[in-house]
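Student: I would like to go through this model with you. Please show me the structure, and I will ask how the terms apply.

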Amino acid sequence: MSFRNTPLAVIQDVDKETLLTPELRAEIDKHVAKYPPEWKQSAVMPALTLVQDHNGGWLSRELMDQVAAYLDMPETAVYEVATFYAMYDLEPVGRHKVCVCNSISCMLGGAEELMHHIEKKHNVAPGGTTADGKLTFKEFECLGACRHAPVVMVDKAYHECVTPDAIDKIIDDLD
Amino acid sequence: MSDDKITLEIDGRLCTAVPGEMIIAVADREGIAIPRFCYHEKLSIAANCRMCLVEAEQGGRPFPKPVPACATPVNDGMKVLTRSKKALDAQRGTMEFLLINHPLDCPICDQGGECELQDVSMGYGEDVSRFSERKRVVKDEDLGPLIATEMTRCIHCTRCVRFGAEIAGLRELGATGRGEDMRIGTFVERTVAHELSGNIIDLCPVGALTSKPYRFTARAWELTSEESIAPHDSVGSNLRLHIRGSQVMRVHPRDNEAVNECWISDRDRFSYEGLSSPERLTEPLLKRNGQWQTVDWQEALHAALEALQAPGPDQLGCLISPTATLEEQYLLQRLVRTLGSDHIDTRLRQQDFRGDAADPTFPWLGLPIAELEQQQGVLLIGSDLRQEQPLLAHRLRMAALDGATIALLNPYALALNHASLQLVAAPPALASELRALSQVLGKPVQGATVEISDRHRQIATALQAAGKAGQGLVLLGALAEADPDYSLIRALAAALAETAECRLGFLAAAANSIGSRLAGSLPHRLPGGAAPKRPGLDAQAMLTDPRQGYLLWGLEPDRDFADPSLAMAALRSAKQVVACSHFKSAALDEVADVLLPISAFAETAGTFVNAEGRWQRFQGAVAPAGDARPGWKVLRVLGTMLEFDGFGQNNAREVHDEVAHACSGLAPDNRLSDARALTAITERSAPSAGALTRIGNLPIYASDALVRHAPALQRTPLAESLAVYLHPQQAADLGLTEGDQVRLIQGAGSHSGSGSVGDNAAAKEARAPVVLDDRIALGCTRIPAGVDGSEALGPIIGPVRIEKIGA
Amino acid sequence: MAENQNTVCFRTMHLDARVRHTLESYRSVGGYRQWERILREKPDPDQLINEVKTSALRGRGGAGFPTGLKWSFMPRSKPDQKYIVCNSDEGEPGTCKDRDIMRYNPHQLIEGMAIAGYCIGATIGYNYIRGEFYEPIARFDEALEEAYAAGLLGKELLGSSIDFDLYTHLGAGAYICGEETALLESLEGKKGQPRFKPPFPAQAGLYGKPTTINNTESLASVPVILEKGGQWFLEQGRPNNGGPKLFSVTGHVARPDNFEIPLGTPFRDLLEMAGGVSGGRALKAVIPGGSSVPVVPGDVMLTTDMDYDSITKAGSMLGSGAVIVIAEGTCMVKVLANLAHFYAHESCGQCTPCREGTGWLARVLDRMLAGQGRTQDLDLLDNVAGRIGGRTICALGDAAAMPVQSFLKHYRFEFEYLVEHGRPLVEAA
Ligand SMILES: Cc1cc2nc3c(=O)[nH]c(=O)nc-3n(C[C@H](O)[C@H](O)[C@H](O)COP(=O)(O)O)c2cc1C
Ligand code: SF4
Ligand code: SF4
Ligand code: FES
Ligand code: FES
């Protein structure tokens with residue numbers, strides 16, 4: 001018997017109707033339906049993503065607990081997932097996330113200069129958020145679009161072959 | 001199955017194995033040591049530490065890379081080299097990686113001297129560290145009063161995490177983050193609250209998780225070790241006591257697959273702290289003119305003898321804690337019976353003795369403990385099993401994970417860590433629930449039944465199916481035993497078991513409850529289980545019909561009885577009370593006349609007979625506290641002073657042998673002599689209007705005096721305090737809400753079985769806060785027993801009135 | 001050259017960019033004909049698997065394992081539910097081909113997955129797409145909708161008894177989930193920690209059931225193999241190296257792009273298609289198969305052909321087909337440090353050598369770049385890498401080790417110079 005190949009399911013004795021919002025529950029249910037009934041936990045990643053989007057880009061402990069309750073998972077298992085994947089933020093973030101790829105192809109294409117530029121211009125270190133709360137700036141690993149190096153992901157959009165001038169324009173256009 | 005065997009070679013030695021076994025398991029069997037950190041027999045394989053890398057070849061073709069012995073299945077004709085240059089090089093490499101971020105603070109580490117990392121690393125004699133970067137420092141988490149953390153030492157083997165998921169059934173510890181940032185912890189810093197949590201201390205190969213009470217008190221090499229048997233439940237876990245001087249410094253499990261495997265409960269691990277409690281009784285005391293005086297043993301023994309003889313045979317009652325050793329119980333009954341009394345009992349928490357005549361001679365679990373895991377259907381009646389017998393709960397959990405149906409019938413629903421079917425009913429209805437189950441199976445029993453629901457059908461048919469397969473079991477627990485209708489419940493359970501072709505089993509409540517049956521320390525049993533000519537008074541009758549003299553053994557009279565108020569009243573009214581005790585207490589101060597300090601757990605040799613009828617002998621490991629003496633010796637002296645026969649034993653072993661001789665040929669057997677007739681017993685009246693039934697469960701850390709005096713256990717979240725747990729609806733009906741303070745009244749005479757007790761006529765009163773809990777059946781309220789404040793209450797299961805204070 | 005470009009996964013490339021991903025476009029190049037034929041004729045799956053075997057299609061995810069052979073491991077007769085899982089977690093630095101398959105030709109992947117499902121007896125498929133791929137995800141989901149609406153996916157397809165349901169599952173930022181068993185763990189709602197093998201996914205994969213995992217490109221190649229025949233596909237490449245393959249050419253080239261060209265094409269030609277080394281610089285080095293494979297000096301590459309066997313001969317691996325071009329003037333210590341940080345950051349952390357070793361390597365390299373290097377650091381790097389490689393649960397350990405060893409082998413002098421002078425050789429030049 002191993003927790004590796006059996007669902008972690010615990011019976012979370014709460015009224016599911018009190019968790020999250022009805023819209024989020026409906027969205028999560030769509031994902032749950034993709035997997036075998038005893039493997040509701042397969043939907044934990046999409047659920048966390050939905051909840052994070054709904055919560056202004058980050059996951060609070062309370063929200064993770066609610067996801068755990070909703071999917072009948074141990075809370076710890078949800079924390080494990082949320083801390084493992086780079087796209088989850090567990091602390092409040094800026095209104096926008098600017099993620100600069102600094103893996104090999106992008107580095108060869110000038111990502112480092114780009115990062116320094118952002119750092120200086122917005123006075124924010126990688127992993128930090130600007131004082132005005134507009135941006136959270138992150139260094140990312142390869143975004144899988146290397147032929148357009150350097151690549152920057154701003155919220156949900158990729159920007160390709162980004163120069164310092166281009167990133168200024170992109171950031172200026174954000175609210 | 002011999003043709004299923006294969007042979008392989010490990011380090012040149014020919015070994016046989018079953019296909020699919022891992023290399024490490026075969027090597028372990030052969031005594032070939034392969035270093036490992038993450039592998040553990042009882043846990044799933046993780047193969048993450050990479051310490052067990054070995055060289056292997058199959059059919060003359062070497063594997064291209066070293067393989068992990070813990071995760072590589074053996075094959076016929078395989079050749080394994082565990083200490084070749086390649087293997088050692090791989091192991092050395094892993095060792096270096098494990099050490100680079102390890103603080104190497106062995107001199108101040110509690111694990112020092114018994115650390116698997118330290119042990120293994122010595123074997124490789126690596127040159128000075130080549131690692132000159134900054135070491136990782138990990139923030140510690142407070143996991144509560146039992147477990148100390150030093151997470152910088154963690155080597156991420158995940159044994160503790162797997163233990164939580166697989167054995168405890170509670171995933172509190174996890175591995176969050178990834179890569180170098182992976183951290184073992186609860187992430188949100190919470191107390192690990194589980195009755196088996198301490199096992200992660202043993203599992204942790206390094207000093208990341210250590211015992212908090214033991215912390216910094218001793219170094220491993222200062223300790224000597226003695227074997228022992230745990231005294232708090234009827235598992236009888238095998239222990240290893242670690243001792244310095246005359247003090248137990250800590251307690252570890254001793255492997256015994258049949259009993260406790262490699263686990264012990266936290267109760268068994270941390271109760272030793274009670275041994276050095278300032279409340280220990282360390283010298284003989286005599287009450288003179290209402291004042292306690294320290295006296296020497298000689299004087300105390302003379303006083304005791306006088307007190308025991310004064311009341312006359314029929315007026316002497318002997319009440320014994322069921323945790324007393326077999327030897328103590330045997331000599332006690334011999335003393336009391338030679339004094340002419342059969343009024344002796346250890347069943348202090350039982351209220352209904354109407355079934356005594358039908359009692360089996362040698363009741364037991366009904367099957368060996370290990371076989372619990374193979375059951376396919378189990379019905380637990382009246383048992384808060386995780387609190388009562390943590391390791392038996394673990395066995396049943398294993399059965400549940402294997403697909404068994406675990407059904408429960410209780411006055412409150414239990415929080416379990418596996419799937420279960422629970423029936424919840426207030427005590428007067430427990431019998432009707434059982435009748436309903438019998439009725440589903442087409443064998444109705446006379447008397448009322450509840451309406452049959454799907455759940456009844458589900459449970460009954462699952463039991464029957466399991467019974468047909470020879471893997472069905474009906475178990476009676478401590479809450480059933482405490483029920484005012486125990487005889488009836490037991491008879492109905494027996495009838496149901498018979499119908500469903502299941503075995504019937506008893507979850508003996510205490511370490512030596514079954515020993516009492518064999519030692520003869522019961523009113524209706526002589527040594528070896530024979531019946532005396534005329535049974536004496538049982539524990540309840542000795543109190544409702546008070547005696548003039550009492551001999552108390554190893555108990556706290558205001559905590560250890562089914563009805564503490566009744567017990568205290570009876571003891572108060574007695575002329576002479578001799579108490580042999582491990583602890584001082586206000587209650588004993590008040591009612592006793594002679595106090596004799598006796599040795600506690602670990603301080604005396606003795607024998608416990610566990611739930612499965614296994615006799616387990618142990619030796620005294622440390623000297624008794626202060627001037628206390630081993631119980632059996634005190635009794636021997638008393639007998640000799642009275643010039644009674646049969647007190648000439650030279651050592652505990654001889655006492656044991658006498659009991660064993662009396663029991664020769666006796667085998668465990670749960671058949672009731674007349675079960676069907678007993679089903680006709682009338683139920684005791686339901687509580688009168690306006691009263692609820694109190695369910696006085698015994699919380700895990702209130703079970704006996706030693707545990708109650710163990711400070712760390714008392715600080716855990718599992719240590720309950722007095723409160724009134726009510727179903728929200730019930731509370732609403734009573735006009736109560738969470739946190740309200742209420743007065744509890746368990747009035748005299750409300751107990752139908754009680755007679756008239758002199759000064760017991762006044763109502764008893766206690767105060768406690770209301771806690772809402774929807775797991776409690778309507779019609780009752782859970783009010784724990786054995787905890788502070790519960791002394792003032794009446795029957796652990798019986799009517800109670802609740803009044804809001806200030807209303 | 002142009003006539004044998006874009007013949008398989010990119011066969012919709014010539015169509016109008018605004019619509020080339022639609023069902024209609026895909027049908028216009030012969031799409032779904034193979035799937036419909038299977039639904040109509042229900043051919044023996046073994047016959048189809050044999051066709052794939054003939055094609056010598058090797059897994060495009062990096063390991064290069066023959067796809068037909070992999071499919072034949074599935075216990076088809078077992079009554080268990082079986083799964084086909086597509087690995088679209090594309091995260092190997094330098095690799096950006098699967099993204100374009102999903103953006104430009106998503107239906108071909110769907111058809112490939114359906115056919116693979118039929119061959120291995122799986123009625124359910126999941127496409128695991130990395131979470132950052134918002135645009136490709138949307139494209140793929142749109143295509144799924146179209147395919148369902150057209151009755152190409154779902155139950156009892158085209159009135160046959162054949163079911164095939166296909167779902168997307170999104171990652172959330174972890175390179176390690178590209179490792180197939182980590183991917184399965186992630187699909188099961190857990191951290192993406194690779195499983196040790198055995199058991200292999202074909203015995204106990206997703207939810208403990210027999211499972212085949214293939215790369216996006218591998219699966220998208222299948223419809224064309226069935227349409228044109230395994231022999232045709234094989235002949236596009238070289239023996240044992242069947243078919244065309246997608247190469248993501250990035251780094252110091254004038255026109256970085258994806259090129260679908262026959263295996264065996266000389267590197268020199270590929271470099272030319274990508275516009276040559278950018279800025280008119282000389283070629284210094286090439287990492288020919290994604291960041292995890294050994295680096296090859298430029299002059300060696302210029303005489304090497306782009307197929308699995310030739311690249312192996314050149315001392316590296318074809319991997320995912322990501323060709324990272326490095327021009328003269330680039331500090332190789334810095335490049336290696338970048339790679340080392342990647343692996344340290346992406347290690348799942350479960351096994352000791354990788355968890356502890358990748359960080360160690362990165363720190364030593366950082367220290368060297370900061371001018372604090374020591375002579376013994378070179379051997380240390382080599383030795384630590386050697387203690388990671390081959391001793392971990394998954395191949396990330398090897399991926400972290402191989403670049404270190406190859407960089408030291410080919411560019412040792414740059415490391416030595418840095419240690420001695422406290423600054424990189426290229427700056428001195
Ligand atoms: C660390 C690591 C990362 C990987 N990343 C990917 C990936 O992003 N995409 C992929 O298809 N295969 C990746 N693989 C290879 C897969 O494990 C697997 O071999 C592949 O998906 C099988 O498909 P194929 O046979 O079609 O190539 C990775 C392997 C490792 C060890
Ligand atoms: S705390 Fe101990 S048992 Fe748990 S992972 Fe760390 S080293 Fe292993
Ligand atoms: S090699 Fe690295 S990524 Fe792979 S399982 Fe081990 S720690 Fe995880
Ligand atoms: S390296 Fe930047 S997108 Fe791949
Ligand atoms: S004991 Fe085998 S890898 Fe840990």
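**Ligands and a helix pair**

Student: What makes the pair between Asn87(C) and ligand 1 a polar contact?
Tutor: A polar side-chain atom of Asn87(C) lies 2.9 Å from an oxygen atom of ligand 1. A polar contact is a pair of N or O atoms within 3.5 Å, so this pair counts. Asn214(C) has such an atom 2.8 Å from a ligand 1 oxygen, and for Asn215(C) the distance is 2.7 Å. The protein covers 90% of the 600 Å² of accessible area that ligand 1 has on its own (Shrake-Rupley method, 1.4 Å probe).

Student: How far can I trust the model and its numbering?
Tutor: The model is predicted: local features need pLDDT of at least 70, side-chain atom pairs need 80 or more, and totals for chains, interfaces and linings use all residues. Residues are numbered from 1 along each chain, chains are lettered from A and ligands numbered from 1 as written, and side-chain values use heavy atoms without hydrogens or water.

Student: Which residues of α8(B) make the contact?
Tutor: Leu326(B), Glu327(B), Tyr330(B), Leu331(B) and Arg334(B) do (contact means heavy atoms within 4.5 Å).

Student: Which residues come nearest to ligand 2?
Tutor: Cys154(B), Cys157(B), Thr158(B), Cys160(B) and Cys204(B), of 13 around ligand 2 (a heavy atom within 4 Å).

Methods
Helix = DSSP H or I, 4+ residues; strand = E, 2+ residues; numbered from the N terminus. Polar contact = N/O pair within 3.5 Å; in protein donor to acceptor, adjacent residues only side chain to side chain.
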